[in-house]
Amino acid sequence: MRLLLVEDEKRMAQALAELLRQEKYEVDHCADGLSGMDAAESNVYDIIILDVMLPGKNGFEIAKETRRRGIRTPILMLTAKNDVDDKVIGLDSGADDYLTKPFMTKELLARLRALSRRNIQSPDGTLSFGDIALDTGTSTVACTHTGHSVRLSEKEYRILEYLIANQGQILTREQFALKIWGYESNAEYNNVEVYMTFTRKKLAFIGAKTSIKAVRGIGYELRCGDV
């Protein structure tokens, strides 16, 4: 799971990033509001941890702008302020949860787990779109129409998970490269195309009418055929 941490306090950011990486999260850090806004707009993150008081652009502005642009990534807002009005402003700006500094690390981790479950996951641990169901526990995808299923590789799983989580949107090759391989990877865009082909073949293998469509010059989107 990839997280964006937008926090300008250096020691706090280093401590949080280390904690989260120990918990097997992939973490990208921005130390100001402007770079944080740019990163949030990439729409490659599963959760955004957002401080309120930031140089350049504050957390309220970032949350409001991401929602205005249709980005649905869950946002956990951090602040030293404990005023009820600030919490209301944060939630009204588009944040999904609010945590006041100082906080216990176990509470932070619990809130992150809760936010990760809020996506479009059903109680039985699947992500669904059209006639496909992605099992988050076994990394298999099943066709509800034919009853067939197949196991996915790690990257195939993450591609399909990303598409389902952003259903109705066209995702670019750049977004897939950042989401699946990360900022520090040397992966080229043809890697995206190769694994996209693998994932398409898996959907065809199980007889799914749901398919991954290429939008010329833009990227890919998940489309549901007639079942």
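Author: In this predicted model, the buried residues of helix H6 are Glu-156, Tyr-157, Arg-158, Ile-159, Leu-160, Tyr-162, Leu-163 and Ile-164. The helix itself runs over residues 154-165 and reaches 16 Å from its first C-alpha to its last, close to the 16 Å expected.

Reader: To which core does H6 give the most, and how many residues does it give?

Author: In soluble globular proteins, nonpolar side chains tend to be buried together. Here the largest nonpolar core has 46 residues, and those with the most contacts inside it are Leu-50, Val-141, Leu-160 and Phe-176. H6 gives the most to this core, namely six residues. Another core, of 19 residues, lies apart from it and includes Ala-17 and Val-27.

Reader: How are the rings of Phe-176 and Tyr-220 arranged?

Author: Planes over 60 degrees apart count as edge-to-face. The planes of Phe-176 and Tyr-220 stand at 80°, with ring centres 6.0 Å apart, so this pair is edge-to-face. It links distant parts of the chain, since Phe-176 belongs to helix H7 and Tyr-220 to strand E12, 44 residues apart. Both Phe-176 and Tyr-220 are buried. Ring pairs also join Tyr-162 with Phe-176 and Tyr-220 in a cluster.

Reader: Where do Tyr-195 and Phe-198 lie?

Author: An α-helix has 3.6 residues a turn, so residues three or four places apart point the same way. Tyr-195 and Phe-198 both lie in helix H8, three residues apart, about one turn of the helix. Their planes are at 85° and their ring centres 5.4 Å apart, so the pair is edge-to-face. Tyr-195 is partly exposed, at 26% relative accessibility, and Phe-198 is partly exposed at 35%.

How values were computed. Residues are numbered from 1 along each chain as its sequence is written. This is a predicted model: local features need pLDDT of at least 70, side-chain atom pairs count only at pLDDT 80 or more; totals for chains, interfaces and linings use all residues. Side-chain values use heavy atoms; hydrogens and water are left out. Helices (H or I, at least four residues) and strands (E, at least two) are DSSP runs, numbered from the N terminus. The expected span of a helix is 1.5 Å times one less than its number of residues. Buried means under 20% relative accessible area, exposed over 50%, partly exposed in between (1.4 Å probe, protein chains only). A nonpolar core is a set of buried Ala, Val, Leu, Ile, Met, Phe, Trp, Tyr and Cys residues joined through side-chain atoms within 4.5 Å. Rings of Phe, Tyr and Trp (its six-membered ring) pair if their centres lie within 6.5 Å; planes under 30 degrees apart count as stacked, over 60 as edge-to-face and the rest as tilted.
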